[in-house]
Amino acid sequence: MMRKLIVLILTSLVWVSSVSAAAKEQTVIGLLAFQPADQVKENWQSIIDKLNHELTSSQFSLQVYNYEQLNLAVAKREVDFVLTNSGHYIEINHQYGLSSPLVTMIAAHNHTPVRGFGGVIVTKSDRTDIQQLAELQNLRIATSSRQSLGGYMMQVFEMKRAGIASPRATNIIETDMPHENALFALMDNQADVAFVRTGVLENFVKRHGFKQDVFKILNEQTIEHFPFALSTPLYPEWPLAAMTHVNEQQAGELTSLLLSIPFNHESLARAGIYGFTIPADYEPVRNLMRSLRVAPYDTSAPVYWHDIWQAHQTTISILAVASLVILLLATLITMTNMRLKTVVNHLTEREQALEVAAVAFKTQEAILITDSNEKIISVNPAFTRITGYKAEEVLGLTPRVLSSGRHSAEFYEKMWLAIKDDGGWQGEIWNKRKNGEVFPELQTITAIKNNNSEVTHYLSTFSDITNRKKDEEQIHSLAFFDPLTGLANRRLLEDHIKQAMASSRRNKSHMALMFIDLDNFKTINDTLGHKYGDEILKQVASRLVNCVRDGDTVARPGGDEFIILLEGLATELDLASQQAKTVAEKLVDLSHQPYMLIDKSYVMTASIGISLFNGNEQNYDELLKRSDLAMYKAKEEGRNRFMFFDHSIQESINKRLQIETDLRLAIVRDEFELHYQPKYNTDYKLVGYEGLIRWPHPAKGLISPAEFIPVCEETNLILPIGYWVIDVACQRLLMWQQDSTKQHLTIAINISNIQFKQKDFVEQFKIRTRGYESIIHKLEFELTESLLMKDIQDSIEKMQQLNKLGIRFALDDFGTGYSSLSYLKNLPLSALKIDQSFVRDMLIDSNDAAIVKTVIALAKTLNLQVIAEGVENNKQATMLKHLGCDLFQGYYFGRPSLIDDTKDE
């Protein structure tokens, strides 16, 4: 009996428990998320468990959705509460109906609250062409979606507030969620700019190992205590809202419980949030979406005429009747006015005709009226202003009082024949003012006839075209002459050459085209200024004109270049060459005579290229090209001389152009190699290398640096190549830091004069060596004396800036230039390199031995290391070591070669 009673009691308890559980109301919270649903549920489970523990009346569960899934769940009423982002909440609230926000979520960063979020506009830091919002309209922009509030709308709204048009739709690249996809598109150069939500950039940098300074923030905002990069104002974080079918008690209980959870509670931290707070103001988000006319504010309700009629029937009827009455009255008034105007028009026609005639007579053009006998009967004020004659001085005279005497009788006969046959004449004529000044005028003469076709009067109108003539002359001068020197310009020179070629073909004579370029003109122009540079050009032009015959042409096509065309030379080539040579020698001699400027004299030499021709086969462009090539050859030979064109010059130029073309391709194809020549100390231990660039051409084999480096410097290709050398050397040094046996090694590289003299060289070096700061002190720059001496103060300043970064300097080829101890002691040098020309003969030439000894002694006095290059045998090494040399480099110790770091050195 007792056993049955116990079973009955236990059964009752189980039943009561099941009934109680069944009585709990099932409540679903729909959460918008972009991570895997299982992971999100696991992170939020602690919060759901707390809700179920605290609220016994409801059984809460969490469903995770993307945008489309959450919209569908709301539409089907499959959820009771919704937690989504601000923009999405406003959209679904407008479409399906939700409560006002119950609470607002507070995000967390490093266990601290982030009360709001915004948008970030980010690009790469090396994009110096992207600085302002206005430039975004034409750029490629990566965004997760144009429907994203923090990943697109906030940035576009910020542009609109600044008065800048939205980005073009064709430039938008939608990468889909998550937000960091937009940053990947930026790093892969698929986009110029990325729009992301705040916090995404910092997380991206942390997760993927990028450096923060790789990126640049546009329109950057500063808000105290906000931990992320920001380009827009902050907007409230995600709201939690209830569906319309949820009763107020249940919503209130959930709200109360969420607000009671302590900030940064363990359950909240697992979900990645800081806590919940009272609802924020979401009106700024609505205003943003309304302004951008995005859903749900992208449509307007249709308006129909029927609706307007129903709403304003009485008003419309009154307006219709009033409009009809007004229309009838207006018609009557119009008809009356038309009758009155007809009468008035008849009365005023004659008055208007007289007024028009009076105004016309006061025109800016001179008017002269004669009778049929050509006697002047009337002139207007403009006639007096132009000719100087008052009306009373010419009345009764004929227009011949203005005759200049420049035109023949035949000219006047043709003019009067046109007046007789055509009734008038128009043309340019030269007349004379009262003061005797002759001037040009544009004149029209009209014969006035009566009803019987008889001439009763002649009407002449004319205007002074003196200024127009001057303008035409000036335009002609500008079109064919150099405004500074008055010499022929390129256009007129081309015309003269073509005429000369035609003449040469007829008379078989030769001609010469001389291309003249002033040597080092840029130096004087930059030193003294363009005003004095122009003065030299004018003096040069004057000398050239005085040096040739009247029939020859001297032209200035531009800059400091002049061209002389010598015509009518001998028919025999040898004699014509001698004639051109005589003129060229005279020009070279003249260039040695000083030019006077600001009480000082300056010598300006010239390089001259000469091309002979006889008009049979060459064209204008080919002649200029040949003369130009010959001139450049003269410069290569040392300047201050002349050179005749021959085909070997063409071949040399073609070879140089081919090298330049191949160099540009080599840069693109990454064909260069950095070879390393070892440097040893006095214990014959390896201490470092000198990095020397080599070019293994795919078709021509190894090309000597002596052949391609000068071309690199002439074309400024030395700049990208020089930075390539720096980058490769830094990579090598960084690699060696992982090997304890190589951590002590250094690399020295040669820095070109052109590269070092760039104004932004130091800044460019800093940018290109980011990430290599730990090994910069292992890098050494080798500079030549000639480089440093061109602008010693600038060189010192740059060297000091680089020295602070850790760069060491060696003075290369020391002793071959014009070294000055006064500047040597001020340079932040660490070493001197003895040129190999002294080392090579030091054992057999006492002078070279003395120079080596002196350089070493000088270096020791200045506390500098000494590096000897070109050491080729043991005797040289032994003597250098005895003299106190610190480091050795040469074929005895090793030739320049590639380094294989997979093998031991």
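In this predicted model, R768 lies over the face of Y723, at 4.2 Å from the ring centre. Y723 also belongs to a cluster that ring pairs form with F756, F761, F765, F781 and F809. The points below cover charges over rings, aromatic pairs and nonpolar cores.

**Charges over rings**
- Besides R768 over Y723, R543 sits over the face of Y595, 3.8 Å from the ring centre.

**Aromatic pairs**
- A search of the whole structure gives 30 aromatic pairs.
- Y676 and Y689 form an edge-to-face pair, because their ring centres are 6.0 Å apart and their planes meet at 80°.
- This pair links distant parts of the chain, with Y676 in strand β25 (residues 673-681) and Y689 in strand β26 (residues 686-697), 13 residues apart.
- Y676 has 2% relative accessibility and therefore counts as buried; Y689, at 5%, also counts as buried.
- F888 and F893 make a stacked pair, with 5.8 Å from centre to centre and 15° between the planes.
- Both F888 and F893 are buried.

**Nonpolar cores**
- The largest nonpolar core has 71 residues, of which W44, F81, L136 and L288 touch the most other members.
- Helix α5 (residues 149-161) contributes the most to this core, with seven residues.
- Leaving aside residues up to four places away in sequence, L136 touches I121, I141, M159, P167, V193, F195 and L218.
- Another core, of 70 residues, lies apart from the largest one and includes I693, L802, V855 and L880.

Key: Residues are numbered from 1 along each chain as its sequence is written. This is a predicted model: local features need pLDDT of at least 70, side-chain atom pairs count only at pLDDT 80 or more; totals for chains, interfaces and linings use all residues. Side-chain values use heavy atoms; hydrogens and water are left out. A nonpolar core is a set of buried Ala, Val, Leu, Ile, Met, Phe, Trp, Tyr and Cys residues joined through side-chain atoms within 4.5 Å. Buried means under 20% relative accessible area, exposed over 50%, partly exposed in between (1.4 Å probe, protein chains only). Helices (H or I, at least four residues) and strands (E, at least two) are DSSP runs, numbered from the N terminus. Contact means heavy atoms within 4.5 Å. Rings of Phe, Tyr and Trp (its six-membered ring) pair if their centres lie within 6.5 Å; planes under 30 degrees apart count as stacked, over 60 as edge-to-face and the rest as tilted. A charge sits over a ring if NZ of Lys or CZ of Arg is within 6 Å of the ring centre and within 35 degrees of the ring normal.
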